[in-house]
Amino acid sequence: MQVQVIKDSKGKAQGIYIPIDDWEKLKKQFTGLKEFDYGDPDREQLISELKQSVSELKLIDEGKLKARLAKELLDSL
């Protein structure tokens, strides 16, 4: 699996990128992931999710929200 870590300007991990082929394999292996299936978002949904993501990143940067390690996320699946 070619997971890529997404880091902020300070080099702190903020998220992960999973190639679509690997994501499809994970969904087959872990049926609970199907609820996180993607679709083509409409413009409003995309803007809303981007605003939420930026808001969460700011909270993490300010120390008001704890970031999760990619390994912890994958282990919880």
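These legends describe close-up views of a predicted model.

**View 1. Strands β1 and β2 form an antiparallel pair.** Strand β1 covers residues 4–7, and strand β2 covers residues 13–17. Four bridges join the two strands. One of the bridge partners is Tyr-17 in β2, which faces Gln-4 across a bridge. In a regular strand, side chains alternate between the two faces of the sheet.

**View 2. The hairpin of β1 and β2 includes Gly-11.** Five residues lie between the strands. Gly-11 takes a positive phi near 85°.

**View 3. Helix α1 has buried and exposed residues.** The helix spans residues 20–29. Asp-22, Trp-23, Leu-26 and Lys-27 are buried. Seen down the axis of α1, these buried residues fall within an arc of 140°, so they line one face of the helix. An α-helix has 3.6 residues a turn, so residues three or four places apart point the same way. On the other side of α1, Asp-21, Lys-25, Lys-28 and Gln-29 are exposed.

**View 4. Lys-27 is a buried residue of helix α1.** Lys-27 has a relative accessibility of 8%. Buried means under 20%, so Lys-27 counts as buried. Leaving aside residues up to four places away in sequence, Lys-27 touches Leu-33, Lys-34 and Asp-37.

**View 5. Leu-33 sits in the loop between α1 and α2.** Helix α2 covers residues 43–61. Leu-33 is buried, with a relative accessible area of 3%. Leu-33 is also one of the residues that Lys-27 touches. Leu-59 is 26 residues from Leu-33 along the chain. The C-alpha atoms of Leu-33 and Leu-59 are separated by 26 Å.

Technical notes:
Residues numbered from 1 in each chain as written. Predicted model: local features only at pLDDT ≥ 70, side-chain atom pairs only at ≥ 80, totals over all residues. Heavy atoms only, no water. Pairing = 2+ DSSP bridges. Buried < 20%, exposed > 50% of the residue type's maximum accessible area, 1.4 Å probe, protein only. Arc of directions from axis to C-beta. Contact = heavy atoms within 4.5 Å.
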